[in-house]
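Hi everyone, thanks for making time this morning. I'd like to walk you through one protein chain, starting with a single residue and then stepping back.

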Amino acid sequence: MANESMVNIAVRPLVEYVFRSGSLESGFRTAVSLTEGTKAHQQVQKQYGEGDQKEVYLKTEIPCGDLLFVVDGRCDGLLVGGDGGWTIDEIKSTAGDLAAIREDTYPVHWAQAKCYAYMYAKANGQREMGVQLTYVQLDTGERKQFRMRAGLDELETFIHDVVRHYAPYARLLRDHRRERNRSIAELAFPFPGYRTGQRKLAGAVYKTIEEAVGLFAQAPTGIGKTISTTFPALKAMGEGKLNQLYYLTAKTITRTAAENAFALMEAQGLQAWVVTLTAKEKICFSEEVRCNKEDCIYADGYFDRINGAILDILTNETQLTRPVIEAYARKHRVCPFEFSLDLSYAADVTICDYNYVFDPKVSLQRMFAEQKKETALLIDEAHNLVDRAREMYSAELRKSGFLALQRAYKEKSPSVAKAAKAVNALFIELKKRAEGSSFQTDLAAPELLLERAEAFAEAAERELALEPSAAGQTGSSGSSEADARELLLQAYFEALHFGRIGKLYDERFVTYTEVTREDVRIKLFCLDPSHLLQEMGKGFRSRIYFSATLSPMAYYRDMLGAGPDDYTVSLSSPFSRDQLEVVVLPLSTRYQDREQTRVPLVRALQEVTRGRPGNYLFFFPSYAYMNMIYEDFAAVAEEGTELLLQQSGMTEEDREQFLAAFVPNPAPGRTFIAFAVMGGLFSEGIDLVGDRLTGVAIVGVGLPQIGPERNLIRDYFQTSGRNGFDYAYVFPGMNKVLQAGGRLIRSETDQGRLALIDDRYLQPHYARLLPEEWR
């Protein structure tokens, strides 16, 4: 039989496809699913008898039509009986209540154990096998077991039936990958030629994937980073070096750029499944995200319909964008968010936010280790990942939520109320100990709070595992049962995450407590995310970090967890110096000087546009400063000058309207000026090509606002032998400057004026951080 008709698959993904089960309730499926629990497995295996074996590798071949399935895996235990017979032991661990698990609760676990039983029986001439499920409660070590015996014929019928149900999907994958690889082999670079630097970047990406290492690439604006990274990655895929590709972004606009790149290559002949993951809150069909079967028809019976939906969409579509996913989700009545996640395991390319790979709360935990080895990560705008990672690896709890739950569940669930009260009591103690101080720090993890948060999560999980009562009932607190349940679910996830981060806590963390009149907040704050980023990236074949502003490179390699074998490439701008006029206006924009320099600043901004009508962007380090100067500027603006102000909390529609105001071919003499915030929606990831943007003024050096968290970062890096002020303030601030200035020259024909307004740009320490073409 030809190799392309051979399907290599492990037992677990095989049975999980056929025996899908669980609850979609607000992501509850992932949170309460039984975990691998390595320690729990080891505790059970330590008590095996002398003749028992653990982690036994098993393999078998099963023909099915034109396919030959090679199924393998490791069973947790192979136990010898007193009569010489053998039993497969499948161990599962849970943080929940074992009393809630019945013999028929998880058919997928029986399926996994039966597959192993068949594989061993067939290989060793056994006519009958014992099959055992061992459930372990993670915190107490308590166990619950279910047993059955099955003959070889019964087991053979069972596994052949499983394979038969999986075969249409396997056949679809086989045929698609054959066509995908053929199309990639024939795919040419989708432009007439390479821009300056593009070929070098593409070569570096290909070599990185070939050698299974990492790459840190600084590629200036306009070089065409998206196509320069995706095209060589696809070429590596077509040659068998990869099977999947994840394109990770921080913003919607860069996701769109990636979608456009793959659509362009599809127009050139590429055949690949490209799925875009959209946040649950955005893609949910309901007004409120309530993912239980009582409130959502798309959650009710999801697992009964999802396999048909997957086969349908993959048979008929390749570009699985949000509108396409929504259309098929409505057709098959499945949750569009979970549908997109399930599609990502089959897709060749997944375009998504950083958190699906790096965030322990929402990472794609169903991705198996074998999949990771064949997957490369393309991490766009990688400079954003430093602060995003700090958010991902930090966790906080607030007193107010637990007090509310204590009251809401006093009669409804005494165990939940008691657990919430125990957490609330600790917050009361913290407030008393603060003795008027609003901010306190500790280098140690709050062990007692972690214990009580874990106990609360267990009580909440038991309550949430129960079927919700009829909506609209009112609890003793006066809130509806649905609202109380939503409050409990939110606190449950927060407590879980707090405990998860507590297990990661080391010298790279600090604990701080913030006390206000209304509340008490305690946060496990990640100061240095580099180690955790490195750990979360392990197992993937390659990680390619790229941005126009990975400068200084040593800082980003340090903060993003570069390994000793990882490559670095830094490319020069593809544009001529003559395209950009840079002026430095040395005014102090420091916080204490802003009142004194507001009038000179307005005059300086007027000079930027004087004698040169067109479209301008003025960037400021904060909303407050921007609003202050906007009012002064508007009061003295020349007649006919059009002004626009960025607002906080803008929707996607607001954002589109804002950008639409930068009209091409502006009327002669028209001056349009938009005021925006550095580091915001309009300072990176947008393209205003040609005369849609005439000039940019950057007010200040972008330093983050001085505050307790930034000062904690500064002190940590200072004590570890690095320049703490640079790590906490200067490098992140100047990155915003570089990104904002990068909006100006986007193509070979663009020209513009860039005004840097701050006296610090004349200081060597800041000047050396500017691109060569800006100096």
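**A walk through the model**

Let's begin with Glu-381, which is buried, at a relative accessible area of 9%. Buried here means under 20% relative accessible area, exposed means over 50%, and partly exposed is anything in between, using a 1.4 Å probe and protein chains only. Before going further: this is a predicted model, where local features need pLDDT of at least 70 and side-chain atom pairs count only at pLDDT 80 or more, while totals for chains, interfaces and linings use all residues. Residues are numbered from 1 along each chain as its sequence is written, and side-chain values use heavy atoms, with hydrogens and water left out.

Back to Glu-381, then. It sits in the loop between β12 (375–379) and α15 (385–392).

Pro-552 itself is in the loop between β17 (542–547) and α21 (553–559).

Now, which residues does Tyr-630 touch, beyond its neighbours within four places in sequence? They are Leu-643, Leu-644, Leu-645 and Phe-675, where contact means heavy atoms within 4.5 Å. Tyr-630 is part of helix α23 (residues 623–636) and is partly exposed, with a relative accessible area of 21%. Leu-659 is 29 residues away from Tyr-630 along the chain, and their C-alpha atoms are separated by 18 Å.

Finally, the whole chain. It has 27 helices and 24 strands. Its radius of gyration is 29 Å, close to the 28 Å that the globule rule gives for 775 residues, so the chain is as compact as a globular protein of that length. That radius is taken over C-alpha atoms, and the rule is 2.2 Å times the number of residues to the power 0.38. Of the 775 residues, 55% count as buried. Among contacts with a separation of 6 or more, 79% join residues 24 or more positions apart.

Key: Helix = DSSP H or I, 4+ residues; strand = E, 2+ residues; numbered from the N terminus.
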